[in-house]
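Biologist: I am new to this structure. Could you walk me through the terms used for it?

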Amino acid sequence: MHEPHPHPALAPLQQTGPRYRPEDEVDFVVVGSGATGGVVAKELATAGFKVVVLEQGPWRTEKQFPHDELKVFQESFFTNNWKDSPNTFRKTERDKAEVKPSIMYGRGVGGTSVHFSANYWRFKDVDFKEASLKGKLAGTGLADWPIT
Ligand SMILES: Cc1cc2nc3c(=O)[nH]c(=O)nc-3n(C[C@H](O)[C@H](O)[C@H](O)COP(=O)(O)OP(=O)(O)OC[C@H]3O[C@@H](n4cnc5c(N)ncnc54)[C@H](O)[C@@H]3O)c2cc1C
């Protein structure tokens, strides 16, 4: 259970979000609460569906976000802690996945949007149709965007 948030307006979901029991049926389960899962879950919930989001990392409250550029950026406060946020890698499905350091990885509610740089460069026309222009990449889901 979460302790009461000192600034209720900043943590409304923790206090008022619906809670489901394991046996309750829901319409969607979204795995991961990053920019992708978070937005999908929000859109589905706003459209009236019952949605559960599973997130493996911690739900940080405002107090747990240091406003300290050196600590966050230079000392990787949210990332690169292999014990709290382990990454495993394997080359084929037959291999056993091993924990190995990766760069700039950190778990938590909000996913990478919690600690990313938030640079959004304007896309060029070709960026929307890379699959058509450059060909499919085996083993990936590379696809053209549905918009231009
Ligand atoms: C340091 C850094 C800086 C960046 N800067 C920029 C930038 O400036 N501009 C830009 O456009 N992009 C940037 N990016 C990339 C961008 O942040 C990511 O591409 C984007 O946030 C990914 O969003 P996502 O929702 O797909 O995945 P994520 O944000 O990775 O979210 C996935 C979530 O799923 C959770 N999860 C995974 N597996 C499970 C499981 N089995 N059970 C439960 N939970 C699970 C994870 O814990 C995580 O919270 C940056 C990335 C990093 C690491």
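**Patch and salt bridges**

Modeller: Gladly! Val-29, Val-31 and Leu-54 make a nonpolar surface patch of about 300 Å². This is a predicted model, where local features need pLDDT of at least 70, side-chain atom pairs count only at pLDDT 80 or more, and totals for chains, interfaces and linings use all residues. Residues are numbered from 1 along each chain as its sequence is written, and side-chain values use heavy atoms, with hydrogens and water left out.

Biologist: What makes Leu-54 partly exposed?

Modeller: Buried means under 20% relative accessible area, exposed over 50%, and partly exposed lies in between (1.4 Å probe, protein chains only). Leu-54 has 46%, so it is called partly exposed. Leu-54 sits in strand 2, residues 51-54; a strand is a DSSP run of E with at least two residues, numbered from the N terminus.

Biologist: Why is Arg-21 called exposed?

Modeller: Its relative accessibility is 52%, and the cut-off is over 50%, so Arg-21 counts as exposed.

Biologist: How do you know that Arg-21 forms a salt bridge with Asp-24?

Modeller: A salt bridge needs a side-chain nitrogen of Lys or Arg within 4 Å of a carboxyl oxygen of Asp or Glu. The closest N and O atoms of Arg-21 and Asp-24 are 3.0 Å apart, so the pair qualifies. Through shared partners, salt bridges join Arg-21, Glu-23 and Asp-24 into one network.

Biologist: How many salt bridges does a search of the whole structure find?

Modeller: The search finds two.

How values were computed:
Patches are made of residues with over 30% relative accessible area and no salt bridge: like charges are joined within 9 Å, nonpolar side chains (Val, Leu, Ile, Met, Phe, Trp, Tyr) within 5 Å. Accessible areas come from the Shrake-Rupley method with a 1.4 Å probe; for residues, only the protein chains shown count as cover. Helices (H or I, at least four residues) and strands (E, at least two) are DSSP runs, numbered from the N terminus.
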